[in-house]
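Hi,

Here is the structure I said I would pass on. Have a look at it first, and then read on for what turned up.

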Amino acid sequence: TDFAPQGEEFYYRVGRLYDAYGVDWYVHLVIDRAYILGSIDDKVAETRERITVAEHKVDTDLSAAQTVLYVCVVAVAVGLTVMSAMFVRILLRPLASLVQEMMWVSEMDLHKTECELSNMEEVREMQVAFRKMKKNLEDFRAYVPTALLNSSNELVVVDPPTGDVALVFTDIVRSTELWERSATGMNTAMEMHNDIMRKALSKHRGYEVKTIGDAFMVAFENPLDALKFCFEVQNELALREWPSELCLEQGLKVRIGCHVGQTIPEENPLTGRRDYRGPTVNLASRSEGKALPGTVCVTVDMLSAVQGSGYDELGNPKVEDIGMHTLKGIEGTQHLYLMVPQHLGERIRHQRVYEIEMSSSSVVSPASRSSASSINAGVIASHVQFNVQAKKTNLTLVKGNATVAVCMLVGARKDSDIFDDCNAMVRAAVEAAAQTDGVLGNVTGQTLTVVWNASKPCKLHTTSAMRFAAQLEVRASIMRVGIATGPLLFGNVGTQKRRFNTAFGRPLEVAQAAAALASHCHT
């Protein structure tokens, strides 16, 4: 009979049948369940202990191997570091020094200190050979023009234009006077000016032909790029902060002239750079002299080359027709225009005043020449009469024309008010005259005279007088100003001291009448 499990006991049937003595025996073994489970737990615990011991042994072996590996890695790293340091010391540092010297030479900074020579024979030979080349450069440095370098002191890579070339000439206004005013300040201003020029030149793909003092000659393949360069230069010059000792009210001013046409190319034998000659060069150079400070003077050919869509790219600039002009050394008359960016249009607002000042050009009519001659004759006669009657008189005829401004006191009626207003007028006039290169002249009653282009040259004397009047606008409640231009006697009467200046001539009378008319018209 088969046995089945009962309760907590397990009955295991022995599968073997014993047949002995003629009797069939079935042997059965009854084993308690708790005994079986306890035996299993003991075996499991024993097995786990064996596994733990084995794992510990493996970990110990691995730790020892890792320690050995770490020591090897550190030793290799230290060895590599020492070898790298020796490599840098022996080879790379001398090569880096040589590269630094090369950088200095490429920037033409030949005065920088030389680095120590290498102990390696090959590197040492390279350094010695390079320093021989540097010594040769030092000998010829004075003959290398700054036109070879751009604002970053790197060689200009723009190819020289060919065919129809747009040429641009620039010149700083009153540069000689600014150098006399402050050499240190003007040197800083020149560095800023050159930086602006070369950055704009690089941006608009221009080719620097050469520099002459503070003047640039540059060339462009595209006339539109040339005018973009001109406008960017004028914008940057107006935005920069210039050295205070130069007293530049509206920034450094530059005249620019442009023309486009066929040129005759040639190579400068000293610098190896492309240069140009021919009528196009002459016309571009002469047109620069007709530009107002801070403006661009262009020929009709240059203007025609950018009309249309070019105006939009230039931001619809301000254009002023200044008529036909005769330029020195150029046959016939040339139709010229002034151009500036739209926001700088005020610079050419007083163009008619400038034309009066530049009366030596061909636009002066024969009638005006005759009138000027009669005035000159009258002034010269007065000059002679003065010299005959008073030996101490030092009045001389101003070369060319001079401009006179007469300031007239108005408004005050009481004596105390007159004294205060008169002092205020004199202080304001003296300050404005100093800022515009004017010279204080007669002070009579309630009038004061300031003269330009008399005792010291002032090419734009009429424009300077207009600036003088503009600065006195804040005193319009107590004074009026009249301005006139023409031949003038100027100097000292009865004294050798220069602070007692006297002006005499028709312009003084006209300026006085203009001031009186302004006071009546309340303008």
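Let's start with helix H12, where His-461, Thr-462, Ser-464, Ala-465 and Phe-468 are buried; buried means under 20% relative accessible area, exposed over 50%, and partly exposed in between (1.4 Å probe, protein chains only). Looking down the axis of H12, you'll find its buried residues within an arc of 160°, so they line one face of the helix (the arc is that of the directions from the helix axis to the C-beta atoms). Helices (H or I, at least four residues) and strands (E, at least two) are DSSP runs, numbered from the N terminus.

Before going further, a word on the model: it is predicted, so local features need pLDDT of at least 70 and side-chain atom pairs count only at pLDDT 80 or more, while totals for chains, interfaces and linings use all residues. Residues are numbered from 1 along each chain as its sequence is written, and side-chain values use heavy atoms, with hydrogens and water left out.

Back to H12, which spans residues 461-471 and includes Thr-462. Thr-462 has a relative accessible area of 4%, and its side chain makes a polar contact with the side chain of Thr-485 at 3.3 Å. A polar contact here is a pair of N or O atoms within 3.5 Å; within protein, one must be able to donate a hydrogen and the other to accept it, and residues adjacent in sequence count only if both atoms are side-chain atoms.

Next, the aromatics: the structure holds 2 aromatic pairs. Rings of Phe, Tyr and Trp (its six-membered ring) pair if their centres lie within 6.5 Å; planes under 30 degrees apart count as stacked, over 60 as edge-to-face and the rest as tilted. Phe-220 and Phe-229 have ring centres 5.4 Å apart and planes at 45°, so this pair is tilted. Phe-220 is buried at 1% relative accessible area, and Phe-229 is buried at 1% too.

For Trp-452 and Phe-468, the ring centres are 5.2 Å apart and the planes at 65°, so that pair is edge-to-face. Trp-452 sits in strand S15 (residues 447-452) and Phe-468 in helix H12, so the pair ties together parts 16 residues apart in sequence. Trp-452 is buried, at 0%, and Phe-468 is buried at 0% as well.

As for the whole protein, it has 13 helices and 18 strands, and 37% of its 523 residues count as buried.

Cheers
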